[in-house]
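Please look at the structure first, and then follow the text below.

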Amino acid sequence: MSSTNIQPGYQFASDNTAGVCPEAWAALEQANAGYAPGYGDDVWTAKAADLIRDWFECDCEVFFAFNGTAANSMVVSSLCQSYHSVICSDFAHLETDECGAPEFFSNGIKLLLTESDSGKLLPEEIDRLVGKRSDIHYPKPRVVSVTQATELGTVYTADELAAVCEAAKRQGLRVHIDGARFANAVVSLGVKPRAITHDVGVDVLCLGTTKLGAPVGDAVVFFDRDLAHEFDYRCKQAGQLASKMRYLAAPWVGLLEGDAWQKHTTHANNCAKRLAEGLLAIDGITLAHPTQANGVFVHLPDKIADHLLARGWHFYTFIGNAARFMCSWQTTDEEIDALIADVGFWSGDQQ
Ligand SMILES: *Cc1c(COP(=O)(O)O)cnc(C)c1O
């Protein structure tokens with residue numbers, strides 16, 4: 001079996017099983033000194049919002065929330081009337097992992113689901129869903145929501161996003177990005193953050209930090225500032241206005257002030273590449289979805305999956321009809337090699 005001393009556990013279960021990265025931790029410690037105004041009137045919140053504006057090279061409106069579900073749901077509720085609908089992929093977190101929060105926050109909106117190409121929504125699906133009906137009995141499409149990087153570890157290119165935005169705009173729809181792993185997409189494509197947001201017509205982005213290395217927190221970034229009208233009230237009403245806001249804001253400063261965000265996401269993406277290569281070299285393991293960010297999705301024979309789970313490795317098998325292994329800033333080569341060795345052992349590849 002594995003020749004390393006790695007104890008199998010939650011290393012690859014999700015990118016949120018990792019701890020807080022040193023830079024975010026250091027910023028939190030600094031923010032903890034003394035007194036500061038509450039509810040976002042502090043220097044850390046101002047600085048975090050400015051760093052996000054610098055990152056996107058534009059004068060966007062920025063709000064902070066506790067998590068991605070709340071951020072996504074507040075955005076949907078502010079873009080939609082209760083009779084509107086949101087077009088998204090059937091793998092969208094909005095659909096599969098938010099317990100109906102987007103519908104709940106919006107008093108009855110409906111998600112219109114489309115099949116996707118490994119998690120990526122196809123622009124022609126927007127035309128199809130909007131064109132399907134135009135009568136008063138159909139929930140009126142209002143928003144297109146895409147996830148970047150997707151729930152299946154793939155990444156939209158700038159051109160692909162531009163095509164989605166173009167189709168959406170042609171139909172008079174707004175474009176929202178669920179960016180729980182947005183930084184992984186930026187690094188994967190080697191582009192500036194603006195190239196896959198406001199440059200191609202994205203209206204609003206929910207930008208996650210938890211999977212990037214922060215303890216908690218999402219930012220809602222409005223590139224179209226008009227859409228942010230009274231969004232501060234929505235945050236407060238939704239229970240998302242942090243009283244000690246500096247603790248939500250400080251990790252952003254730690255991540256964005258230097259190159260920590262880039263260093264950690266590059267590392268996580270590279271770990272996924274290394275893991276994918278190792279797994280695919282083993283007999284009987286095939287790729288379920290392309291490895292373009294920090295997740296590896298493979299078809300794993302049941303026999304191997306059962307052995308891995310019994311040995312103590314945690315991973316999901318219900319997402320995208322595959323076994324999912326996520327990498328993070330904290331993943332090590334030794335952990336990757338230990339997992340590969342165990343898979344190889346039970347594949348009968350190694351004795
Ligand atoms: C993790 C994640 C979120 C945010 O989830 P929360 O648990 O609410 O913070 C949103 N979208 C995607 C695709 C995610 O993977």
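Leaving aside its neighbours within four places in sequence, which residues is Lys120 in contact with? Taking contact to mean heavy atoms within 4.5 Å, the residues are Thr150, Thr154, Val155, Tyr156, Glu160 and Gln292.

This is a predicted model, in which local features need pLDDT of at least 70 and side-chain atom pairs count only at pLDDT 80 or more, while totals for chains, interfaces and linings use all residues. Residues are numbered from 1 along each chain as its sequence is written, and side-chain values use heavy atoms, with hydrogens and water left out.

**Lys120**

Lys120 sits in strand β5, residues 120–121; helices (H or I, at least four residues) and strands (E, at least two) are DSSP runs, numbered from the N terminus. With a relative accessibility of 11%, Lys120 counts as buried, where buried means under 20% relative accessible area, exposed over 50%, and partly exposed in between (1.4 Å probe, protein chains only). The side chain of Lys120 reaches the backbone oxygen of Val155 at 3.2 Å, and Val155 is also one of the residues in contact with Lys120.

**Cysteines**

A disulfide is a covalent bond between the sulfur atoms of two cysteines, and the criterion applied here is a pair of cysteine sulfur atoms within 2.5 Å. By that criterion the structure holds zero disulfides. For Cys60 the closest cysteine sulfur is that of Cys58, and because the separation is 3.8 Å, the two are too far apart for a bond. Cys80 is likewise in no disulfide, the nearest cysteine sulfur, that of Cys88, being 11 Å away. Cys60 counts as buried at 0% relative accessibility, and Cys80 counts as buried at 9%.

**Helix α11**

Helix α11 covers residues 260–280, and its 21 residues, at 1.5 Å a residue, should span 30 Å, which agrees with end C-alpha atoms that are 30 Å apart; the expected span is 1.5 Å times one less than the number of residues. The buried residues of α11 include Trp261, His264, Asn269, Cys271 and Leu275.

**Backbone geometry in loops**

Gln148 and Ala149 are joined by a cis peptide bond, with omega about -10 degrees, and Ala149 is found in the loop between β6 (140–147) and α7 (158–170). Tyr39, a residue other than glycine, has a positive phi near 55 degrees; Tyr39 lies in the loop between α1 (22–31) and α2 (43–56) and counts as partly exposed at 46% relative accessibility. Asn107 also has a positive phi, near 60 degrees. The place of Asn107 is the loop between α5 (101–105) and β3 (110–114), and with a relative accessible area of 65% Asn107 is exposed.

Definitions and conventions:
A polar contact is a pair of N or O atoms within 3.5 Å; within protein, one must be able to donate a hydrogen and the other to accept it, and residues adjacent in sequence count only if both atoms are side-chain atoms.
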